Amino acid sequence: MKTDIQIAQEAVMKPIIEVAKECGITMDDLELYGKYKAKISDAYINQIKENKNGKLILVTAINPTPAGEGKTTTSVGLGDAFHKLGKNVVIALREPSLGPCFGIKGGAAGGGYAQVVPMEDLNLHFTGDFHAITSANNLLAALLDNHIQQGNELGIDTRSVVWKRCLDMNDRVLRNIVVGLGNKMDGTVREDHFVITVASEIMAVLCLSDDMEDLKKRLGRMVVAYNYAGEPVTASQLNAVGSMAALLKDALKPNLIQTLEHTPALVHGGPFANIAHGCNSVRATKTALKMADYCITEAGFGADLGAEKFFDIKCRMAGLKPDAVVLVATVRALKYNGGVAKADLGTENLEALAKGIVNLEKHMENLKKYGVPVVVTLNAFSTDTKEELAFVQKFCEDRDCEFALSEVWEKGGAGGVALAQKVLDTLEKKESNFKVIYDDEKTLKEKIEIVAKEIYGADGVSYVAAAEKQLKQLESLGFGNMPVCMAKTQYSLSDDQTKLGRPENFNITVREAYVSAGAGFVVVLTGTVMTMPGLPKTPAAFQIDVNSDGVITGLF
């Protein structure tokens with residue numbers, strides 16, 4: 001069995017100028033990053049703004065398990081299947097973070113014969129977007145500490161600095177640090193913190209911005225600290241906006257690459273869904289909708305995180321209306337939710353499947369609350385039996401949910417034709433009546449509790465004292481009308497990653513809340529979710545190498 005990287009390295013890619021030409025993009029509207037990657041110009045994006053929008057299809061999944069669900073693989077394979085059927089389609093995906101690539105989760109190029117390429121470039125430095133975001137974030141941190149050092153004209157309370165430095169790597173020792181040690185010229189001694197780049201507010205800001213003007217407004221609104229009177233201090237007050245925007249000028253432009261079958265893919269932005277809003281950029285999605293009749297996009301982790309934030313944050317802010325949702329599951333993952341050990345997932349077990357399928361059921365129910373037609377797909381494995389597949393299909397159809405099998409990992413676009421046809425039929429027969437799950441006018445606590453009860457299935461919400469105080473302060477400062485971005489473990493519907501399936505009789509515990517004023521939402525931390533992950537005992541980095549010819553090995 002070939003690895004993902006072997007399949008990707010054997011692929012015959014088209015020069016990106018040819019892929020672009022088939023989309024109607026000329027050389028003048030491309031900024032080339034080598035032969036197979038390019039950024040799309042602002043001029044082209046402005047030129048197609050009046051085009052009619054295509055259909056927007058979201059791909060999401062059940063809660064992730066060690067068995068793997070294949071959400072990105074399905075997104076890519078579905079796009080290839082649309083392409084194979086002669087449809088005008090563009091895929092819109094997130095960029096991978098280096099942290100998971102060298103950690104445990106892996107990259108985000110898809111898998112098997114449903115991948116975007118060049119996969120090594122995508123999973124490593126790509127076009128430098130994440131480096132630009134990291135640099136802009138840390139420039140703001142440097143300007144903030146320099147302002148304090150140079151007389152602190154804004155009266156910043158050094159105990160109330162909320163802006164954190166960032167690094168696109170899993171590095172747990174940077175979570176809590178002390179800066180300013182040394183002599184007087186080395187700055188003010190204070191506690192500081194790092195987050196992973198994909199959790200930086202600048203990542204969220206870039207992904208939610210329509211253009212440079214919008215980006216600069218959002219950057220200016222970002223809260224970096226509070227003064228001695230308890231008032232927020234913003235990036236614009238530090239005169240940081242212009243220099244940050246200059247660093248982000250190229251990163252704001254969507255990246256164009258291709259699938260193994262030469263379907264165009266816009267890959268841009270990459271906030272995590274468990275600690276950020278989990279969607280690719282608004283700019284890339286809107287561009288894809290203007291470029292093609294169909295845009296296939298995805299949201300991170302399970303539907304309780306990625307899809308909820310796609311709907312309640314991204315669609316709300318950007319005025320997007322999804323036309324259909326594809327919900328990805330696997331027989332193996334459902335059996336894992338039913339209590340089967342990872343080593344035994346290849347053995348037929350209808351009893352465990354029946355026990356674990358409640359996780360899929362909850363996600364189906366949740367997605368229907370948004371008024372969008374749902375198609376469930378099983379990402380097929382060779383160990384799946386006919387009886388298991390039939391059980392899942394009947395389960396879905398009994399609940400008035402369309403179903404199709406996906407074999408894209410093994411067969412590429414050809415393995416996704418049945419799914420593509422089911423999605424096309426659904427788009428034709430069922431109208432989307434999309435609506436968000438809560439109104440802007442609700443209080444922050446009301447929004448948190450709606451998500452916790454309606455989406456997670458919790459009985460209620462418990463707030464630690466600090467979180468109670470923070471929420472009250474945020475509302476008093478005028479941030480109460482913002483949506484909430486829930487930071488929660490991806491492995492469970494609850495905030496306890498050990499509770500698989502469909503947990504019952506539990507509360508969600510909120511331990512911290514802070515505003516991302518530039519992004520336009522309030523971040524709510526639950527359970528023990530970390531904004532700077534750590535590496536496992538045996539990280540994926542151990543397997544990665546490059547030979548004397550420059551060929552990378554071990555990258556999945």
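## Overall Build

Helices (H or I, at least four residues) and strands (E, at least two) are DSSP runs, numbered from the N terminus. The chain contains 20 helices and 25 strands. Its radius of gyration (taken over C-alpha atoms) is 23 Å, close to the 24 Å that the globule rule (2.2 Å times the number of residues to the power 0.38) gives for 556 residues, so the chain is as compact as a globular protein of that length. The C-alpha trace spans about 70 × 60 × 50 Å along its principal axes.

The model is predicted: local features need pLDDT of at least 70 and side-chain atom pairs count only at pLDDT 80 or more, while totals for chains, interfaces and linings use all residues. Residues are numbered from 1 along each chain as its sequence is written, and side-chain values use heavy atoms, with hydrogens and water left out.

## Burial and Contacts

Of the 556 residues in the chain, 58% are buried; this term means under 20% relative accessible area, whereas exposed means over 50% and partly exposed lies in between (1.4 Å probe, protein chains only). Among contacts (heavy atoms within 4.5 Å) with a separation of 6 or more, 74% involve residues 24 or more positions apart.

## Helix H4

Helix H4 covers residues 71–84. From its first C-alpha to its last, this helix of 14 residues reaches 20 Å, close to the 20 Å expected at 1.5 Å a residue (1.5 Å times one less than the number of residues).

Because 12 of its 14 residues are buried, H4 is largely enclosed by the rest of the structure. The buried residues include Lys71, Gly77, Asp80 and Phe82. Just after H4, Gly86 takes a positive phi of about 85°.

## A Buried Asparagine

Asn337 belongs to helix H13, residues 331–337. With a relative accessible area of 6%, Asn337 is buried. Leaving aside residues up to four places away in sequence, Asn337 touches Thr65, Gly356, Asn359, Leu500 and Gly501.

## Backbone Features in Loops and at the Chain End

Val117 and Pro118 are joined by a cis peptide bond, with omega about 5°. Pro118 sits in the loop between strand S6 (114–117) and helix H6 (119–123).

Asn505 is not a glycine, yet its phi is positive, at about 55°. This residue occupies the loop between strand S21 (484–487) and strand S22 (507–516), and at 66% relative accessibility Asn505 counts as exposed. Phe556, also a residue other than glycine, has a positive phi near 75°. Phe556 lies in the segment after strand S25 (552–553) and is partly exposed, with a relative accessible area of 29%.
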